[in-house]
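Have the model open as you read.

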Amino acid sequence: MNKKVFSVLKAVAACVLALFMMSGLTACGKVNLLEENIIDDKYDNYYEIFVYSYNDTNGDGYGDLNGVTEKLDYIRDLGYTGIWLMPINNSASYHGYDVVDYYSVKPIYGTLEDYGKLIEAAHERGIKVIIDLVVNHSSSVHPWFKDALAYKNGQGGSDKYVDYYNWSSNGRDGYHQSGKVWYESRFDASMPDLNLANDKVKAEIENIIKFWLDLGTDGFRLDGCLYYFDSQQLSIDFCKWIKDTAVKYNDKAYIVGETWSSRSVIADFYQSGCDSFFYFPASYAAGGADCPISSAITLGSADEYWPSVKTLISVAGENIPAPFLSNHDIGRAAGYAGRDEDKVKFAYGLLSMYTGNTFTYYGDEIGMIGSQTDQDKRIGMLWDNKQTNITNPPPGTQHQDYVFDGVKEQLKDSGSILNYFKVCNNARNAFPALMRGTPSRIAYDDYNILVFQKTYKDQTIKIVINFGKDKKTVNGIEGTLAQGICVDGKIKQSGSSLTMPKYSIAILT
């Protein structure tokens with residue numbers, strides 16, 4: 001089903017919004033949704049899901065694929081048009097990044113049939129599905145490695161899979177010992193690195209890519225592609241090979257890579273032709289003190305934020321930027337925002353003004369917390385305050401802390417974090433220029449105020465942001481207020497003047 005069908009569902013809300021616009025007033029804190037104008041391309045709002053901790057439908061305490069299917073209406077209602085599933089292959093750990101079988105689903109998640117049903121249901125709702133492709137390494141209990149290790153140690157096995165991995169007869173950096181031999185395993189001893197220069201390994205990976213694309217998968221997130229080879233250029237070349245291989249079987253396949261590094265390194269990886277690479281400098285934890293969103297909110301400064309609007313586009317070139325606030329490897333955004341509800345909201349509002357595909361980590365839409373261990377960052381989704389149907393915490397979890405209300409309660413609260421996220425995503429779906437446009441700044445002499453416009457084809461929108469903690473009157477702004485995004489209060493328009501509460505964003509047409 002074409003995603004544009006869903007725009008009909010927003011028509012009544014759009015009519016209500018039009019009444020506000022006629023009076024020059026757009027309410028904020030209320031879920032006034034615009035009619036969607038979604039283009040069938042590779043630009044989407046993505047939602048990252050750790051299936052293990054999302055939604056349990058069979059009562060075993062673990063999330064499952066049917067649980068994701070059950071929540072697709074919720075996800076689409078939030079304005080997400082793509083989901084990224086963290087590893088769903090059978091694996092030896094809770095997190096899944098040590099794959100044991102690339103052609104099956106982790107048993108606690110369900111079956112390949114369940115996955116097929118998820119794909120079908122997602123596509124019916126206009127939602128794309130991408131999955132983790134973990135090929136930098138396999139599990140140490142993968143049959144390939146077990147057979148090769150036994151052979152290398154003279155304990156049986158065969159030489160069939162020996163060249164699938166990298167070996168040494170003595171200790172080296174990034175290698176672990178087992179018996180008489182050392183094997184490359186730069187992430188962990190339980191994750192031996194695959195020999196990606198080997199043609200047989202590449203043939204296996206091509207089969208894996210084809211297998212999942214044939215099931216209807218819309219693309220892949222490439223795990224750890226910075227470490228495919230010791231040589232950065234060889235790693236880039238391998239990303240290109242993956243991209244070229246994927247489009248052989250689905251010319252619309254979307255490929256986004258994880259290159260946790262500087263702007264310059266991320267820019268280099270775009271030579272591969274992959275659609276996107278995550279823009280880590282925009283994230284709270286990975287960006288550190290240089291995170292433009294955090295700095296802009298802390299200092300109330302338009303000049304802290306504006307360069308990033310341009311920079312992430314220049315890094316991606318003709319490709320699609322992929323900014324995000326948090327993910328499964330770094331602390332959750334609400335924690336870095338000081339558990340301040342206004343800042344949690346505004347941070348997502350600022351992220352949403354970026355060109356490209358934004359990625360939201362499950363639970364961030366309700367302000368979930370998690371920052372110390374990896375397990376703490378992957379705790380169960382809070383569907384309601386009673387913790388109904390909450391999944392078991394991952395083994396090793398130290399903190400299971402929920403600061404804000406659950407989904408059920410936030411859905412009823414028009415001023416909640418969840419409904420703020422919904423308004424932001426809706427704006428991105430309503431204005432093609434917001435996701436795809438080329439930005440240019442419009443001079444305005446106020447430290448707290450940023451005015452800029454975005455143009456995409458025949459659409460130009462104007463964006464006005466108040467970074468300050470106080471109400472501001474912004475004069476000389478031409479255009480019609482189409483949507484206001486506020487942490488609290490509302491934006492008023494009178495002629496060419498906007499009265500904007502703190503931490504507010506106005507979109508004008």
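How much space lies in the largest cavity? About 80 Å³.

## Ground rules

This is a predicted model, so to speak: local features need pLDDT of at least 70, side-chain atom pairs count only at pLDDT 80 or more, and totals for chains, interfaces and linings use all residues. Residues are numbered from 1 along each chain as its sequence is written, and side-chain values use heavy atoms, with hydrogens and water left out.

## The cavities

A cavity here is a set of points, on a 1 Å grid over the protein atoms alone, where a 1.4 Å probe fits but cannot get out; lining residues have an atom within 4 Å of a point. Volume is the space filled by probe spheres set on the points, which are joined across faces, edges and corners. Counting that way gives five cavities of 30 Å³ or more.

The largest cavity has 13 lining residues, with Leu325, Ala333, Tyr348, Asp364 and Phe421 nearest its centre. Two or more lining residues come from each of helix H12 (333-336), helix H13 (341-352) and strand S14 (359-361); helices (H or I, at least four residues) and strands (E, at least two) are DSSP runs numbered from the N terminus. H13 gives the most, four residues. By class, this lining has ten nonpolar, two polar and one charged, where Ala, Val, Leu, Ile, Met, Phe, Trp, Tyr, Cys and Pro count as nonpolar, Asp, Glu, Lys and Arg as charged, and the others, Gly among them, as polar.

The second largest cavity holds about 50 Å³. Eleven residues line it, and Ile38, Tyr43, Asn429, Met435 and Arg436 lie nearest its centre.

## The cores

A nonpolar core is a set of buried Ala, Val, Leu, Ile, Met, Phe, Trp, Tyr and Cys residues joined through side-chain atoms within 4.5 Å, and buried means under 20% relative accessible area (1.4 Å probe, protein chains only). The largest one has 149 residues, and Leu85, Ile293, Tyr305 and Ile465 touch the most other members. Its largest share, eight residues, comes from helix H15 (residues 417-430). A second, separate core has twelve residues, including Val451, Ile477, Ile491 and Ala506.

## Helix H15

Conventions:
Buried means under 20% relative accessible area, exposed over 50%, partly exposed in between (1.4 Å probe, protein chains only). On a 1 Å grid over the protein atoms alone, a cavity is a set of points where a 1.4 Å probe fits but cannot get out, and a pocket is an open set with protein on both sides within 12 Å along at least five of seven lines; lining residues have an atom within 4 Å of a point.
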